[in-house]
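Hello,

Here is the structure I promised to pass on to you. Please open it alongside this message, and my notes follow below.

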Amino acid sequence: MNIVLLGPPGSGKGTQAKRIAEKKRIAPLATGEMLRAEVLSASALGLSVKGIIERGDLVPDAIMIAMIEKRIGDNPSGFILDGFPRDLAQAEALDTMLAARGQKLDRVVLLKIGEEALVDRISGRFTCRGCGASYHDRYQRPRVEGVCDLCGGKDFERRPDDNAPVVRARFAVYRRQTEPIVGYYEKRGILSRVDGTGAVEEVAEAIDRVLG
Ligand code: AMP
C-alpha cells in the first residue's frame with residue numbers, strides 16, 4: 001500500500017506515519033527527518049539546505065524528488081510519505097515515478113488543524129535522540145520522566161525550526177505551496193480528510209477507519 005500523509009507543520013504527521021508504517025508493515029519515508037540527518041552529519045547536501053530549513057522555506061524540488069525516488073525504489077512493497085510532496089511539482093513527479101514502476105498512490109490522508117493549535121503543539125515538542133520517538137511538554141510526556149518509552153534512551157532533542165516565528169513562516173509556506181495539492185488529489189478521488197485536533201489515539205483511530 002502506498003500512502004501520503006498531508007497536513008500543516010505540527011499536525012501530527014510524523015507520529016501518525018510511524019504508527020501506520022508499523023501497523024501496515026510499510027516503510028515510513030519522512031523527508032524532514034532525512035534532511036535533518038544530512039544537516040547533522042554535515043554532508044555537502046546538509047550544509048546546502050541548513051539555512052533553508054532554519055528559515056522554514058522549501059528545499060528545491062530537484063533535491064527532494066531525487067531523494068524520494070531512491071527511497072521508493074528501495075521499498076517496492078509500500079510506503080507512507082510524511083513531508084512529501086510539498087508542492088504540485090513534487091506531486092506530479094511522484095505520480096510519474098510511481099507510474100514508471102507500475103505503481104500508484106492508494107490513499108492520501110489530510111490531517112486538518114488550525115494555526116493556533118499548531119503553534120501550541122510545535123512549541124512544546126521534542127524527540128528521543130536514540131529512536132526518534134515524539135513527545136510533548138504538555139500533551140505527551142514520557143511515562144517515566146526523562147526516559148524514552150520506546151528505547152529507554154535518556155537523550156532528547158528539540159528541532160531548531162520549532163519556534164513560534166519559524167512555525168508561522170512554515171505555516172505560510174504550507175498555505176501557499178502545499179495546500180494546492182489537496183485539490184489535485186481530491187479530483188482523483190483518493191483524498192480523505194481526518195480531524196487532527198484530538199488526542200494521538202483518537203486521530204490514529206480516525207486514520208485507521210479511512211485506510212481500512
Ligand atoms: P518537516 O520535518 O516535514 O516539517 O520538514 C522540515 C523542513 O524540511 C521543512 O520546513 C522544509 O524546509 C524541509 N522539507 C522537508 N520535506 C520537504 C519537501 N518535500 N520539499 C521541500 N522541503 C522539504
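Before the sheets, a word on terms: two strands are taken to pair if DSSP finds at least two bridges between them. Helices (H or I, at least four residues) and strands (E, at least two) are DSSP runs, numbered from the N terminus. Please note that this is a predicted model, in which local features need pLDDT of at least 70 and side-chain atom pairs count only at pLDDT 80 or more, while totals for chains, interfaces and linings use all residues. Residues are numbered from 1 along each chain as its sequence is written, and side-chain values use heavy atoms, with hydrogens and water left out.

**The five-stranded sheet**

Five strands make an open sheet with parallel pairing, in the order β2-β3-β1-β4-β8. At the edges stand β2 (27–30) and β8 (191–195); each has a single partner strand, so one side of each is left without a neighbour in the sheet. From one strand to the next, the twist averages 20°. Angles here run from 0 to 180 degrees between N-to-C directions, and axes are lines fitted to C-alpha atoms, for helices over the stretch in contact.

Within this sheet, β1 (residues 2–6) pairs with β4 (residues 107–112) in the parallel sense over four bridges. Contact means heavy atoms within 4.5 Å.

**The three-stranded sheet**

There is also an open sheet of three strands, antiparallel in its pairing, with the order β6-β5-β7. Here β6 and β7 are the edge strands, each pairing on one side only. Strand β5 (residues 125–128) and β7 pair in the antiparallel sense over two bridges, and C128 has F156 as its bridge partner in β7.

**Aromatic rings**

For ring pairs, the centres of Phe, Tyr and Trp rings (for Trp, the six-membered ring) must lie within 6.5 Å; planes under 30 degrees apart count as stacked, over 60 as edge-to-face and the rest as tilted. By this rule there are five aromatic pairs. One of them joins Y135 and F156: the ring centres are 5.8 Å apart and the planes are at 85°, so this pair is edge-to-face. Y135 is in strand β6 (residues 134–136) and F156 in strand β7 (residues 156–157), so the pair links distant parts of the chain, 21 residues apart.

How accessible are the two rings' residues? I call a residue buried under 20% relative accessible area, exposed over 50% and partly exposed in between (1.4 Å probe, protein chains only). Y135 is buried at 4%, whereas F156 is partly exposed at 21%. Another edge-to-face pair is made by Y184 and Y185, at 5.2 Å centre to centre with 70° between the planes. Y185 is buried, at 0% relative accessible area. F126, Y135 and F156 form one aromatic cluster.

**Around the ligand**

Which residues are the closest to the ligand? They are T31, R36, D57, G83 and Q90, out of 16 residues that surround the ligand; a residue is near a molecule if one of its heavy atoms lies within 4 Å of it. For polar contacts, I looked for pairs of N or O atoms within 3.5 Å. T31 has a polar side-chain atom 2.8 Å from a nitrogen atom of the ligand. In the side chain of R36, an N or O atom is 2.9 Å from an oxygen atom of the ligand. G83 comes in through its backbone, with a polar atom 2.8 Å from a nitrogen atom of the ligand.

**Backbone details**

The peptide bond from F84 to P85 is cis, with omega near 0°, and P85 lies in the loop between β3 (79–82) and α5 (88–100). P85 is also among the residues touched by T178, together with L6, R86 and V173, not counting residues up to four places away in sequence. T178 itself lies in helix α7 (residues 164–178) and is buried, at 4% relative accessibility.

R25, in the loop between α1 (13–24) and β2, has a positive phi near 55° although it is not glycine. R25 is exposed, at 75% relative accessibility.

Best wishes

How values were computed
A polar contact is a pair of N or O atoms within 3.5 Å; within protein, one must be able to donate a hydrogen and the other to accept it, and residues adjacent in sequence count only if both atoms are side-chain atoms.
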